[in-house]
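Please look through the sequence and the model before reading on.

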Amino acid sequence: MSDFEIERVSTGIPGLDELIEGGFPRGDIILVAGRPGTGKSILANQFLYKGATEYHEPGVLVTLEEPPHLIRRNMMRFGMDLAALEKKGKLSIVDLSPSKEVTPVKIGEYPSFDLSGLEAIILNHVNKIKAKRVVIDTLAILAYKFRSRDILREEFFKLTASITRTGTTLLLTSEIPAQHDGLGVFDIEAFLASGVLVLYNEMISQQSRSRSIEVLKLRGSKHSSRIHSMRITDEGIRVWPAEISPGA
Ligand SMILES: Nc1ncnc2c1ncn2[C@@H]1O[C@H](COP(=O)(O)OP(=O)(O)O)[C@@H](O)[C@H]1O
Ligand SMILES: [Mg+2]
């Protein structure tokens with residue numbers, strides 16, 4: 001491999017690598033965006049599961065939304081046994097999902113909130129299992145803790161940069177807001193990421209919806225600029241590289 005060639009890591013999503021020259025550039029930050037229920041979490045967990053089972057790449061899952069026991073249960077439906085990977089030290093789950101005791105937080109309650117604590121926890125897990133992949137699902141949940149957009153951008157930048165400095169490939173998930181004015185958390189994340197994938201589940205008739213995926217950007221890559229069919233099967237997410245989505 002020449003110095004100028006980009007090393008690729010397989011996404012673990014059948015059909016997706018073919019759209020992006022073989023995989024994500026190693027060590028990059030990838031954002032997977034979409035409305036609720038479009039498959040962001042499944043894609044992210046599959047990226048970790050396949051990484052650990054097929055590509056010798058242990059992974060760390062930082063979950064801020066779903067509790068680990070539900071993630072393990074949901075992924076088991078696709079035959080992906082996360083608990084077995086955890087036992088073998090090939091997967092480490094950092095549980096930051098809201099617990100029942102959490103009291104509602106008011107804006108302005110965190111005058112000097114920063115992410116250095118979270119950074120230390122994640123790096124600890126990465127070092128412990130020699131992780132090569134990290135997923136944060138979803139970072140935007142912490143956005144309300146910041147006093148300003150500038151501080152938020154700075155903190156997200158520091159956190160993601162220090163994770164990828166370890167050589168790991170980082171996948172973030174994010175919800176695309178209904179009102180999109182270019183000033184939200186999503187835009188900061190999209191700016192930080194060198195790649196953005198968008199998942200859709202659009203209505204194509206009164207009776208049915210159709211799932212699809214788009215590579216919005218991927219730095220350093222000649223990627224497909226079309227919207228491709230995607231399905232959630234019994235084996236997880238699959239993309240049809242030759243099939244253009246009927247909703248597109
Ligand atoms: N076993 C399954 N088979 C087919 N589709 C599923 C299965 N499990 C979940 N889904 C679909 O995936 C959706 C949830 O995907 P998820 O990755 O959690 O979405 P997101 O993280 O984007 O909100 C569900 O709403 C459902 O439509
Ligand atoms: Mg999710």
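The briefing below covers the sheet, the helices and the surroundings of the ligand.

This is a predicted model, in which local features need pLDDT of at least 70, side-chain atom pairs count only at pLDDT 80 or more, and totals for chains, interfaces and linings use all residues. Residues are numbered from 1 along each chain as its sequence is written, while chains are lettered from A and ligands numbered from 1 in the order in which they are written. Helices (H or I, at least four residues) and strands (E, at least two) are DSSP runs, numbered from the N terminus.

**The sheet**

- An open sheet is formed by 9 strands, with mixed pairing, in the order β5-β4-β6-β7-β3-β8-β9-β10-β11; two strands pair if DSSP finds at least two bridges between them.
- At the edges stand β5 (91–95) and β11 (236–244), each of which pairs on one side only.
- Neighbouring strands of this sheet are turned against each other by 25° on average, with direction ignored.
- Within the sheet, β4 (residues 59–63) pairs with β6 (residues 133–137) in the parallel sense over 5 bridges, and Thr63 is found opposite Asp137 in β6.

**Helix α6 and its neighbours**

- The axes of α5 (residues 149–164) and α6 (residues 185–192) come within 10 Å and cross at roughly 35°, where axes are lines fitted to C-alpha atoms, for helices over the stretch in contact, and angles run from 0 to 180 degrees between N-to-C directions.
- From α5, Leu152, Arg153, Phe156, Phe157 and Thr160 meet Val185, Ile188, Glu189 and Leu192 of α6; residues are in contact if their C-beta atoms, placed from the backbone, lie within 7 Å.
- By class, this contact of α5 with α6 has 6 nonpolar, 1 polar and 2 charged residues (Ala, Val, Leu, Ile, Met, Phe, Trp, Tyr, Cys and Pro count as nonpolar, Asp, Glu, Lys and Arg as charged, and the others, Gly among them, as polar).
- Helix α6 also lies across β3, β7 and β8, running at about 145° to β3.
- Val185, Ile188, Glu189 and Ala190 are the buried residues of α6, buried meaning that 20 or more other C-beta atoms, placed from the backbone, lie within 10 Å of a residue's own.

**Around ligand 1**

- The residues around ligand 1 are Gly34, Pro36, Gly37, Thr38, Gly39, Lys40, Ser41, Ile42, Asn74, Arg77 and Ile232, a residue being near a molecule if its C-beta atom, placed from the backbone, lies within 6 Å of it.
- These residues divide into 3 nonpolar, 6 polar and 2 charged.
- Helix α1 (residues 40–54) gives the most to this shell, with 3 residues.

How values were computed. Contact = placed C-beta atoms within 7 Å. Buried ≥ 20, exposed ≤ 12 C-beta atoms within 10 Å, placed from the backbone.
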